[in-house]
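Colleague: I have just opened this entry and would like a guided look. Could we go through it together?

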Amino acid sequence: MVKIEAIVKPFRLTEIQEALSALGIQGMTVTEVKGFGRQKGHIEFYRGAEYQVNFVPKILLTLVVAEERVDEVVNAIQQAAYTGKIGDGKIFISHIDEVMRIRTRETGPEAI
């Protein structure tokens, strides 16, 4: 099992969700986060005053998939999140040793 975490632009969430649903992915966790990378924030105007926003709003997607599905899931996220502009995001891939569904106590791939 593999955990895939993707930090993406918020307005791409619907496209990513549709791409994953088309692959039969049944669940993911979505978290609103803030951060910065090469973008280093941006400047906004509020009531005529200019101020620096150091942390840019992003979405963190977390999902666990079977090892054999990693490439297709990562490709679907990358294609759906892509805008070609700085700040498109990152995808992190980690191996998961074990998972348990709390309600049924199922473990392993059956619990995903």
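Colleague: Where is the place of Lys-9?

Modeller: Lys-9 sits in the loop between β1 and α1; helices (H or I, at least four residues) and strands (E, at least two) are DSSP runs, numbered from the N terminus. This is a predicted model, in which local features need pLDDT of at least 70 and side-chain atom pairs count only at pLDDT 80 or more, while totals for chains, interfaces and linings use all residues. Residues are numbered from 1 along each chain as its sequence is written, and side-chain values use heavy atoms, with hydrogens and water left out.

Colleague: Is Lys-9 buried or exposed?

Modeller: Lys-9 has a relative accessible area of 11%, so it counts as buried (under 20% relative accessible area; exposed is over 50%, partly exposed in between, with a 1.4 Å probe and protein chains only).

Colleague: Which residues is Lys-9 in contact with, leaving aside neighbours within four places in sequence?

Modeller: Lys-9 is in contact (heavy atoms within 4.5 Å) with Lys-58, Thr-83, Lys-85, Ile-86, Gly-87 and Asp-88.

Colleague: Now the sheet. In what order do the strands come?

Modeller: The order is β2-β5-β1-β6, in an open sheet of four strands with antiparallel pairing; two strands pair if DSSP finds at least two bridges between them. The edge strands, each pairing on one side only, are β2 (29-35) and β6 (89-95). From one strand to the next, the twist averages 20°.

Colleague: How many bridges join β2 to β5?

Modeller: Seven bridges join these antiparallel strands. Opposite Thr-29 stands Thr-62 in β5.

Colleague: And what does α1 touch on the sheet?

Modeller: Packed on the sheet, α1 touches β1, β2 and β5, and its direction makes about 10° with that of β5. As for α2, it lies across β1, β5 and β6 and runs at about 5° to β1. Axes are lines fitted to C-alpha atoms, for helices over the stretch in contact, and angles run from 0 to 180 degrees between N-to-C directions.

Colleague: How many residues are in the largest nonpolar core?

Modeller: That core has 18 residues. A nonpolar core is a set of buried Ala, Val, Leu, Ile, Met, Phe, Trp, Tyr and Cys residues joined through side-chain atoms within 4.5 Å. Those with the most contacts inside this one are Ile-4, Ile-16, Leu-20, Leu-63, Val-73 and Ile-77. Two or more residues each are given by β1 (2-8), α1 (13-22), β5 (56-65) and α2 (70-81).

Colleague: Which element gives the largest share?

Modeller: The largest share comes from α2, with seven residues.

Colleague: What does Val-73 touch?

Modeller: Not counting residues up to four places away in sequence, Val-73 touches Ile-4, Leu-20, Leu-23, Ile-25, Leu-63 and Val-65.

Colleague: Changing topic: how many salt bridges does a search of the whole structure find?

Modeller: Four are found, where a salt bridge is a side-chain nitrogen of Lys or Arg within 4 Å of a carboxyl oxygen of Asp or Glu. One of them links Lys-3 and Glu-5, whose closest N and O atoms are 3.9 Å apart. Another joins Glu-72 to Arg-69 at 2.5 Å, N to O.

Colleague: What is the relative accessibility of Glu-72, and what is the relative accessible area of Arg-69?

Modeller: Glu-72 is partly exposed because its relative accessibility is 34%. Arg-69, with a relative accessible area of 24%, is partly exposed.

Colleague: Which residue meets Arg-101 in a salt bridge?

Modeller: Glu-106 does, at 2.9 Å from N to O. Arg-101 is partly exposed at 28% relative accessibility, and Glu-106 is partly exposed at 29%.
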